[in-house]
Amino acid sequence: MTQMTSVPDALAAPEGARRRVSPSGGVDRVFRAGLRGAGFTVLGLMATVGLFLFFNGLHAISVAGFDFVSTQTWEPDSHHFGIAAVLVGTLLIASVALVVAFPLALGMALYISEYAPRWLKRPLTSMIDLMAAVPSVVYGLFGSTLLQWEGIDIPRWLSIQFHWIPFLDVPEADPNNPLAPENVYATSTFWAGLIVGFMIMPFICSVMRESFTQAPPGEREGAYALGSTRWGMIRSVVLPFGRSGMIGGTMLGLGRALGETIAVAMIISPIFLIQPHILANGANSVSALIAQKWGAASEFGLEALMAAGLALFLLTLVVNFAASAVIARSRSGQGSDA
Amino acid sequence: MSTVEQTRPVAAPATPPPDPAPAGPETRRDTRSIHRVDVVAVLGALVSAAALTGLLFDQIAPFSGVVGFIAIAYPLFLGIYALLLSLEENGLTIRDKLVSAVVHSSAILAIGALVAVVIYPVIMAWDVLGLGNFYTEDMAEAGTLDPLELGGVLHAMVGTLEQITIALTITVPLGLVTAVFLNETKGAFTRLVRTVVEAMTALPSIVAGLFIYASLILLVGFERSGFAAGCAISIMMLPIMIRAADVVLRLVPSSLREASLAMGAGQLRTAWHVVLPTARSGLTTSVLLATARGVGETSPVLIAAGYTPYLNFNPFDGAQVSLPLATYQMWTSSEDTMQTRAFGAAVVLITLVLVLFVLARLLGGRGAGNFSKGQLRRGLRASARDRERFIGAARDRGAPGPVAHNPVAHSPIAHSPIATNPDPGPA
């Protein structure tokens, strides 16, 4: 802006040719071409992911036709396969994961941005980042061998008390028999979702924390000055300002939950029926299906798995694009140099 | 407020004169947000909730075990805490404190979960971690029934290191250049690349594996190998690294960039000598964090490399296992020894991730333009050298004085607020 106001001065001094400011040439042109080349490469790589899956899965999809989305079983060698069961299973696991991760991430993000003493903020942020970096196979070990057996009472209690809610019922269970095997409550959608929830919590949390810390200090102090308690301030200032960050972070977490593979594959016992009872054993997801069937698949089986992978890819892509659009909107108008 | 009340006592007719005690030094108003009453209330609620749960436990409660205990004690704690608060506080305060308790406990739960997830494999693998052969042998000799003294995870460690090296060789140059691209150019194409990269950060890792299988193995004709696995990992790491580096580069103050451009430096020189060095620690962090994520991925290796119990140094030939895949495969065995080995492999993997992570925090975590002590010393030394050089040059030209006047202004870090200190260090 200041250059604009100095224009009259330039007009007042007409002597000497006006200096032309052209984009620097030579080396810089090569540099920019190199940069653009890298950009093209990355864009090309990312775009071809979908293309390759599509062309490899095309044959399988054309064989199955519309049955691909409506069949529940997975027997590609007899050309009788579909993703109805695994797709529903993926969505159920992701929903449970969000139900677990959202409140936890919200609490943690609020703690770091509003409650924690100043010296604790950085270590806590690091720990959340570390939680995101812990390999999923480690979460899988924890969930499959410890948590679901130690906490088996929780799904039992839930299913006995709330069996009138359709999806919390466990049909195979016999609550009147004290010697009934406990494993009807394990290896279920619930436990897979719980562990995946812990895995996606840090991703949701870091987006939320970032948006919470951007709540303007003036409004915060204004709320306090009007006599608000800390929770009142959070509810009236921090949460409204962080709303799009909360939504975007949650969707980002959803995208991750949909694609989580190994932890889910380790916890569930796979079934190929739509399993609406989230507490009952037996569940499935697209990625777990691919991981488990990959080793022993025939050539056509591989094509069918590619088609399933394509479905998963499209699903996560839609969710992720929506998430980054929401987050980008929450960041709009904020430059790096304030 | 209080001073006004105390120095001008309200006239109280027909009562004894105001107490002389306030005439002394005023007591300071307590502005702490935590009072003893609060702490006592929290502790009391905790103790009574634990005691009540102990009473209910095994008698009425439907739960058993640690998880069950906590599941009952926690709602009880909240209830009792609310009850205690309601004795002397109003509804607004009760709600505030209850929310505070919930927020604190969710933080404790998250940290507790992290600690439990990391510690549990260590406990389970304790028997095998002390054995030397676990780190020096592969599983070629050891069957599922062999004792822990035979066999180890050397093959998986070698595989992990080679695969992550391959992935880094692809990802670091491409990722960093793309991050610079996103920051140095503007326009529709840049925006498109940024949007696609952001959407791809959550690309399911198994899809990355499928992509490499479809392209590199089916189309180009490579076999399933460590190289293919490294490529699959790099597809997964690339968006993560680009995004982290992009954020770091965006934090480089544009005043620095503009100063460099105003001095007549071109775009390449500005990027190479100003932008990248300023963001160096942040870029290191982004590379290390992406590495930590890539190291732990199981499914790309499962699809692109496959499992083998043998040590395979050649990433271009035949199956090559990595630590997470070895963990997964050993865990699927029902034998106790194999499961212990699986936990051992997981511990090695966690240690690797932790080391990478701590390195990232030690090296990086500094904002752009904030220097460590060593960097500051080096910068000051460079300034001092420049000063000598300028003085020498001026003397050679036979014009002492004004040129050597303000050497700090020419120093490479003169823009940093710390370096504006007039003392140029050891001159």
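Predicted model: local features only at pLDDT ≥ 70, side-chain atom pairs only at ≥ 80, totals over all residues.

Q: Why is the pair A:D153 and A:R156 called a salt bridge?
A: The rule asks for a side-chain nitrogen of Lys or Arg within 4 Å of a carboxyl oxygen of Asp or Glu. For the side chains of A:D153 and A:R156, the N to O distance is 2.6 Å, so the pair meets the rule.

Q: Where do A:D153 and A:R156 lie in chain A?
A: Both belong to helix α8 (residues 153-161) of chain A. They are three residues apart, about one turn of the helix.

Q: What makes A:D153 buried, and what makes A:R156 partly exposed?
A: Buried means under 20% relative accessible area, exposed over 50%, and partly exposed in between. A:D153 has 5%, so the label is buried. A:R156 comes to 25%, so that residue counts as partly exposed.

Q: How do you know that B:D246 and B:R194 form a salt bridge?
A: Their side chains meet at 3.1 Å, N to O, and the cut-off is within 4 Å, so the pair qualifies.

Q: What does the pair B:D246 and B:R194 tie together?
A: B:D246 sits in helix α10 (residues 226-250) of chain B, while B:R194 sits in helix α8 (residues 188-200) of chain B. The pair therefore ties together parts that are 52 residues apart in sequence.

Q: Which other salt bridge involves B:D246?
A: The side chain of B:D246 also meets that of B:R250, again with 3.1 Å from N to O. These two residues are four apart in helix α10 of chain B, which means about one helical turn separates them.

Q: Are B:D246, B:R194 and B:R250 buried or partly exposed?
A: B:D246 has a relative accessibility of 3%, which is under 20%, so B:D246 counts as buried. B:R194 at 23% falls between 20% and 50%, so the label is partly exposed. B:R250 at 33% falls in that range too, so B:R250 is partly exposed.

Q: How many salt bridges does the rule give over all chains, and how many are between chain A and chain B?
A: The count over all chains is nine. Between chain A and chain B the count is zero.

Q: What makes up chain A as a whole?
A: Chain A has 15 helices and two strands. Of its 338 residues, 52% count as buried. Its accessible surface comes to about 15,600 Å², with 64% belonging to carbon and sulfur atoms.

How values were computed:
Residues numbered from 1 in each chain as written. Chains lettered and ligands numbered in written order. Heavy atoms only, no water. Buried < 20%, exposed > 50% of the residue type's maximum accessible area, 1.4 Å probe, protein only. Areas by Shrake-Rupley, 256 points an atom, 1.4 Å probe, with all protein chains shown as cover.
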